[in-house]
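Trainee: Can we go through this one together? I have it open on the screen.

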Amino acid sequence: MRRAGVLLHPTALPGSPVCGTFGATAHQWLDLLADHGIKVWQLLPLAPPDSLGSPYSSPSSFALNGWLLDGEQLVISGLLEPADLDALPHGGDPGRLDLPGADQRVDLLAAALLRRYPQWNAALKERFATWRAQQSAWLVDHCRFWVLRRRFNAQPWWQWPRPLARRQRSALLALDHEQQQLLLQEALVQWQLQEQWQGLLDHARQRGIQVIGDVPFYVAHDSADVWSHRRLFSAAADGSLSQQSGVPPDYFSATGQLWGTPVYRWPLHRLTRFRWWLRRLERQLSLVDLLRLDHFRALEAAWCVPGADRTAEHGSWRPSPGGSLLRRLSRRYRGQHLPLIAEDLGVITPAVEALRDRYGLPGMKILQFAFDGDPENPYLPANYKGRNWCAYTGTHDNATCIGWWQQLSDDQRHQVEQLVGSVHAPGWQLLELALASEADWAVVPLQDLLQLGDEARFNTPGTSEGNWQWRLSGGLEAIRGPLKGFGELAQRHQR
């Protein structure tokens with residue numbers, strides 16, 4: 001089925017102070033999409049963000065972002081009282097996410113859940129206990145990590161006292177005994193996040209909307225994943241890395257990009273039959289209909305840099321057993337197409353393309369990348385081979401289309417005009433190219449539908465300030481007109 005959709009992270013939804021949530025506005029958003037025939041909602045990772053707000057550098061590959069917990073929904077569910085919401089922060093600028101306010105809000109909601117827990121009836125407690133047991137493979141260590149990060153003022157795990165940093169059994173048992181209440185509190189938060197998200201996912205499916213999620217390839221160095229499964233990563237007990245991730249030097253960067261996350265010790269993943277990877281992917285796939293796998297090319301080979309290096313220049317390509325991993329995952333889907341999208345951007349080799357195509361995974365086409373003067377540019381719609389693609393005007397890492405257009409050279413503008421005519425609305429005109437293309441999916445960031453400039457850009461790679469904070473200011477009614485126009489355009493192109 002040819003589909004059209006919108007890229008919008010839930011943190012950017014309006015209708016709640018400091019940060020968007022899984023609450024009523026998110027349900028109204030789904031109804032708006034469905035009412036206008038828009039069949040896809042694409043998200044960024046739902047994981048807890050790092051201190052800068054990035055969901056791509058999360059302290060957990062399995063947990064959900066506490067910022068998204070909705071207080072009103074907790075009251076409606078009978079878990080909190082209306083008075084429990086009185087102390088929540090109200091935020092300032094409605095068009096920007098308030099990071100300190102978001103942290104404060106989830107802390108207050110978490111404390112209220114723990115305070116009210118003894119008053120819940122037996123059936124509710126039993127339901128929670130069942131869920132907690134079902135999720136124990138990741139939840140136990142996530143909750144421990146969450147408690148310890150707060151105890152040690154967000155110091156990385158390798159700076160904790162040695163018995164805890166190295167997970168001595170006696171130290172973990174003492175932690176479980178001494179911190180029962182805080183461990184319970186974080187488990188309650190994760191339970192309700194999943195309950196609220198599942199309600200949204202069910203609503204989306206009822207309205208015929210496909211939800212596309214996102215998962216980073218690497219995990220953060222300071223994460224519950226590396227702390228609890230250190231031998232699966234290139235991390236020593238003292239936290240030092242023998243190898244770290246990145247990409248090699250290219251036209252844009254003479255020293256490459258150094259990401260600084262551990263790389264995978266693939267021989268140990270093979271010995272465990274990829275158990276950790278399969279749990280991770282299955283957890284994420286349980287939350288969405290289709291999952292975008294970031295930096296897909298590293299499943300074929302990854303650029304590995306010595307752990308002490310300060311640039312990515314002296315790395316080397318090392319093969320990855322992505323074929324074996326995907327083969328094991330495909331067995332669990334019994335011959336069906338894997339519900340994955342390959343983020344295959346950048347310099348992609350024939351071997352990476354072969355791995356993607358062997359499992360029938362859609363690749364990505366970014367229209368902002370199409371105008372370099374090369375008539376064979378693979379991002380030009382005329383050069384798409386087949387339909388198994390997701391076409392985008394841009395992604396969360398790109399400038400908005402207006403910002404992109406303002407930065408183009410005269411030659412590049414001329415190339416765009418040769419394809420779309422006189423440019424008056426860059427986002428909409430690129431969107432029509434995506435909709436008219438053979439690609440099965442055509443997705444547009446909401447900022448491009450609203451014709452916003454780079455003040456609304458979500459992320460600028462290589463920078464550490466001001467990212468991940470854009471929110472849709474005002475109510476959803478303000479976007480009804482653009483969504484109506486998008487839906488009509490999509491229908492015209494049989495989407």
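**Working through the model**

Mentor: Start with Thr400, which is buried, at a relative accessible area of 4%. Keep in mind that this is a predicted model.

Trainee: Where is Thr400 found?

Mentor: In the loop between β11 (389–392) and α14 (401–407).

Trainee: And what does Thr400 touch, leaving out residues up to four places away in sequence?

Mentor: Gln368, Gln447, Asp448, Leu452, Gly453, Asp454, Ala456 and Arg457.

Trainee: Let's step back. How many helices and strands does the protein have?

Mentor: The secondary structure comes to 18 helices and 12 strands. The radius of gyration is 23 Å, close to the 23 Å from the globule rule for 495 residues, so the protein is as compact as a globular protein of that length.

Trainee: What box do the C-alpha atoms fill?

Mentor: Roughly 70 × 55 × 45 Å, taken along the principal axes.

Trainee: What share of the residues counts as buried?

Mentor: 58% of the 495 residues. As for the accessible surface, it comes to about 21,200 Å², and carbon and sulfur atoms hold 50% of that.

Trainee: What about contacts in the protein with a separation of 6 or more: what share comes from residues 24 or more positions apart?

Mentor: Such residues account for 73% of those contacts.

Trainee: Now the sheet. What is the strand order?

Mentor: It is an open sheet of 8 strands, in the order β9-β6-β3-β2-β1-β12-β11-β10, with parallel pairing. The edge strands are β9 (340–342) and β10 (363–366), each of which pairs on one side only. From one strand to the next, the twist averages 25 degrees.

Trainee: How many bridges join β1 to β2?

Mentor: There are 3 between β1 (residues 3–7) and β2 (residues 40–42), and these two strands run parallel. Within that pair, Gly5 stands opposite Val40 in β2.

Trainee: Which helix packs on the sheet there, touching β1?

Mentor: Helix α18 (residues 480–492), which touches both β1 and β12 (441–445). The direction of α18 makes about 155 degrees with that of β1.

Trainee: Changing topic: why is α11 described as largely enclosed?

Mentor: Because 8 of the 11 residues of helix α11 (residues 275–285) are buried, the rest of the structure largely encloses it. Those buried are Trp276, Trp277, Leu278, Arg280, Leu281, Arg283, Gln284 and Leu285.

Trainee: Is Gln194 buried or exposed?

Mentor: Buried, because its relative accessibility is 14% and the cut-off for buried is under 20%.

Terms used: Residues numbered from 1 in each chain as written. Predicted model: local features only at pLDDT ≥ 70, side-chain atom pairs only at ≥ 80, totals over all residues. Heavy atoms only, no water. Pairing = 2+ DSSP bridges. Helix = DSSP H or I, 4+ residues; strand = E, 2+ residues; numbered from the N terminus. Axes fitted to C-alpha atoms, helices over the stretch in contact; angles between N-to-C directions. Contact = heavy atoms within 4.5 Å. Rg over C-alpha atoms; globule rule 2.2 N^0.38 Å. Buried < 20%, exposed > 50% of the residue type's maximum accessible area, 1.4 Å probe, protein only. Areas by Shrake-Rupley, 256 points an atom, 1.4 Å probe, with all protein chains shown as cover.
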